[in-house]
Amino acid sequence: MPKQYLTDSANYMDMACHVFALSGDPAQQEDVNNRYAQLGNLLTSDLLGVPPVTANNNIAPGLRVVTNNEIRQCLRGAAVPPSRSLRLLCREFGLVPTPGTRIKLWGHFEPGQRLPEHMYVTTADGMIYDTVPGAPIRRDTNNNGQNPPSWISGLLDPGVIFSIEVAAFAPQTQAVVNRPGNQWANI
């Protein structure tokens, strides 16, 4: 199957990849983007010389679910593994890590990045979906998570992509995944 795009993507054209992967809801994109950015700020504060969040179980500033202690736990050690970042994202955005589902949330992390530079999803039936601002939502046949369809060309190096299996996507992301074939056109 060639790459395809969602023909009625107008509501998604301003959506960042992480907003699609974590929420898929055009009406919530500002909130999702703000929380994603704030989580990134909290996870990089030590690199900027800013004191870490206070050690307690209060919800971290600017977030809705993740606590200060969860941020501190993620930052323990010399590096922040992508698996910890993906777990925090799942927690903050209500996705439930569930091994064995083959439904995956993916992140492209270059060395040293604490949140993904690109996010996308893959389904149990072998499809991969993503978007970037200014482009429609796209899909393709999944190639081990290495070929997000909005990527320019080629495959991502397996050393920079990480995934976590989840019970289900966010409802609005799932709604896009469930769109019938006649709503997709070849690129």
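Predicted model: local features only at pLDDT ≥ 70, side-chain atom pairs only at ≥ 80, totals over all residues.
Residues are numbered from 1 along each chain as its sequence is written, and side-chain values use heavy atoms, with hydrogens and water left out.

**Entry 1: around Q4**

I placed Q4 in strand β1, residues 4-6. Helices (H or I, at least four residues) and strands (E, at least two) are DSSP runs, numbered from the N terminus. Is Q4 buried or exposed? Its relative accessible area is 9%, so I wrote down buried. My cut-offs are under 20% relative accessible area for buried, over 50% for exposed and partly exposed in between, with a 1.4 Å probe and protein chains only. I then listed what Q4 touches, not counting residues up to four places away in sequence: I137, R138, R139, W184, A185, N186 and I187. Contact here means heavy atoms within 4.5 Å. Q183 is 179 residues from Q4 in sequence, yet their C-alpha atoms are 9.7 Å apart in space.

**Entry 2: helix α2 and the cores**

Next I checked helix α2, residues 29-44. Its 16 residues at 1.5 Å a residue should span 22 Å, and the end C-alpha atoms are 22 Å apart, which agrees. The expected span is 1.5 Å times one less than the number of residues. Buried in α2 I found V32, R35, Y36, Q38, L39, G40, L42 and L43. Their cover includes α1 (17-22), α3 (68-74), α4 (82-93) and β3 (118-122).

I looked up the largest nonpolar core too, and it has 43 residues. Such a core is a set of buried Ala, Val, Leu, Ile, Met, Phe, Trp, Tyr and Cys residues joined through side-chain atoms within 4.5 Å. Those with the most contacts inside it are L22, L39, L43, I71, L89, L105 and M119. Leaving aside its neighbours within four places in sequence, M119 is in contact with C17, H18, A21, L22, Y36, L86, L89, L105, W106 and D130. A second, separate core has six residues, including W106, Y120, L156 and I161.

**Entry 3: salt bridges**

How many salt bridges are there? I get six, taking a side-chain nitrogen of Lys or Arg within 4 Å of a carboxyl oxygen of Asp or Glu. D31 pairs with R64, the closest N and O atoms being 3.1 Å apart. D31 is in helix α2 and R64 in the loop between α2 and α3, 33 residues apart. D31 is partly exposed at 21%.

R35 forms a salt bridge with E92, closest N and O atoms 2.9 Å apart. R35 lies in helix α2 and E92 in helix α4, so this pair ties together parts 57 residues apart in sequence. I noted both as buried: R35 at 8% and E92 at 2%.

R114 forms a salt bridge with D46 at 2.5 Å between the closest N and O atoms. R114 is buried at 10%, whereas D46 is partly exposed at 40%.
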